[in-house]
Amino acid sequence: MQKPSRETMLGHARDLGGIVLGSAVNASATTFFISGCGLIPGGVTGAATILNRTAGLPLGGVVFVISSLIVLAGLLLLGRESFAKTIFCIAVYSSFLELFSRVLPPFTGNLWVAAIVGGAFIGLGLGFIMRCRGSLGTTDLNGQILKKYFGFTVRSVIPVMDVI
């Protein structure tokens with residue numbers, strides 16, 4: 001087996017760092033701006049927020065479980081190429097959600113500001129993650145599945161999936 005080159009190792013480290021940064025930005029925006037103001041985001045995090053508020057289930061734990069089920073479907077339909085990065089991303093994002101929900105005070109300002117700024121930072125975080133070939137195992141993974149089988153672009157699928 002050939003030893004990976006220095007450039008390959010640096011590329012992997014850069015990708016993992018970008019995934020951690022994107023997960024932190026996304027989770028902090030979700031916790032501080034969106035969930036903190038009583039808003040409910042779209043996708044898996046939105047479903048987890050509803051379960052958190054109605055049944056008291058831990059936000060990060062619910063995201064982890066639901067995302068893991070989607071990832072298993074992705075593994076079967078897309079193969080294992082990005083499986084490790086997706087699992088890493090889900091674990092990091094779920095951990096940040098739990099951490100930030102315990103330490104960040106909720107934003108108490110204007111709901112429009114919370115929605116716009118929170119949405120912008122969630123998009124920024126997801127952009128970091130996707131640029132580093134990662135996935136939260138949620139709507140972006142669903143988008144990749146639909147792209148492979150039906151030719152849709154991921155960026156056109158994500159908003160539709162978030163509404164559903």
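1. Arg133 sits in the loop between H5 and helix H6 (139–150). Although Arg133 is not a glycine, its phi is positive, about 60°.

2. A word on the basis of these notes. This is a predicted model, in which local features need pLDDT of at least 70 and side-chain atom pairs count only at pLDDT 80 or more, while totals for chains, interfaces and linings use all residues. Residues are numbered from 1 along each chain as its sequence is written, and side-chain values use heavy atoms, with hydrogens and water left out.

3. Now the overall picture. The chain has seven helices and zero strands (both are DSSP runs numbered from the N terminus: helices are H or I with at least four residues, strands are E with at least two). The radius of gyration is 16 Å, close to the 15 Å that the globule rule gives for 164 residues, so the chain is as compact as a globular protein of that length. For that comparison, the radius is taken over C-alpha atoms, and the rule is 2.2 Å times the number of residues to the power 0.38. Along the principal axes, the C-alpha atoms fill a box of roughly 55 × 35 × 25 Å.

4. The accessible surface comes to about 9,400 Å², and 69% of it belongs to carbon and sulfur atoms (areas come from the Shrake-Rupley method with a 1.4 Å probe; for residues, only the protein chains shown count as cover). Among contacts with a separation of 6 or more, 67% are between residues 24 or more positions apart (contact means heavy atoms within 4.5 Å).

5. Ala114, Gly118, Gly125, Leu126 and Ile129 are the buried residues here. Viewed down the axis of H5, these buried residues fall within an arc of 95°, so they line one face of the helix (the arc is that of the directions from the helix axis to the C-beta atoms). Trp112, Ile116 and Arg131 are exposed on the other side of H5.

6. Both ends of H5 have something to show. Asn110 caps the N-terminal end, with a side-chain oxygen 2.6 Å from the backbone nitrogen of Trp112. After H5 comes Arg133, the residue with the positive phi. The C-alpha atoms of Arg133 and Ser82 are 7.5 Å apart, although 51 residues separate the two in sequence. Ser82 belongs to the loop between H3 and H4 and is partly exposed, with a relative accessible area of 27%.

7. Which helix does Ile34 lie in? Ile34 is part of helix H1 (residues 6–34), and at 6% relative accessibility it counts as buried. Leaving aside neighbours within four places in sequence, the contacts of Ile34 include Ala114, Gly118 and Ile122. Ile34 and Leu111 are 77 residues apart along the chain, with their C-alpha atoms separated by 8.7 Å.

8. Thr31 also lies in H1 and is buried, with a relative accessible area of 8%. Its side chain reaches the backbone oxygen of Ala27 at 2.8 Å. Beyond neighbours within four places in sequence, Thr31 is in contact with Gly36, Leu97, Phe100 and Ser101.

9. Helix H4 (residues 83–103) has 21 residues and reaches 30 Å from its first C-alpha to its last, close to the expected 30 Å. Its buried residues include Lys85, Cys89, Tyr93, Leu97, Glu98 and Phe100. Among the elements covering the buried residues of H4 are H1, helix H2 (43–55), helix H3 (59–78) and H5.

10. Finally, Thr45 in helix H2. Thr45 is buried, with a relative accessible area of 10%. A polar contact of 3.0 Å joins its side chain to that of Tyr93 (a polar contact is a pair of N or O atoms within 3.5 Å; within protein, one must be able to donate a hydrogen and the other to accept it, and residues adjacent in sequence count only if both atoms are side-chain atoms). Leaving aside neighbours within four places in sequence, Thr45 is in contact with Thr30, Leu59, Val63 and Tyr93.

Notes. Buried means under 20% relative accessible area, exposed over 50%, partly exposed in between (1.4 Å probe, protein chains only). The expected span of a helix is 1.5 Å times one less than its number of residues.
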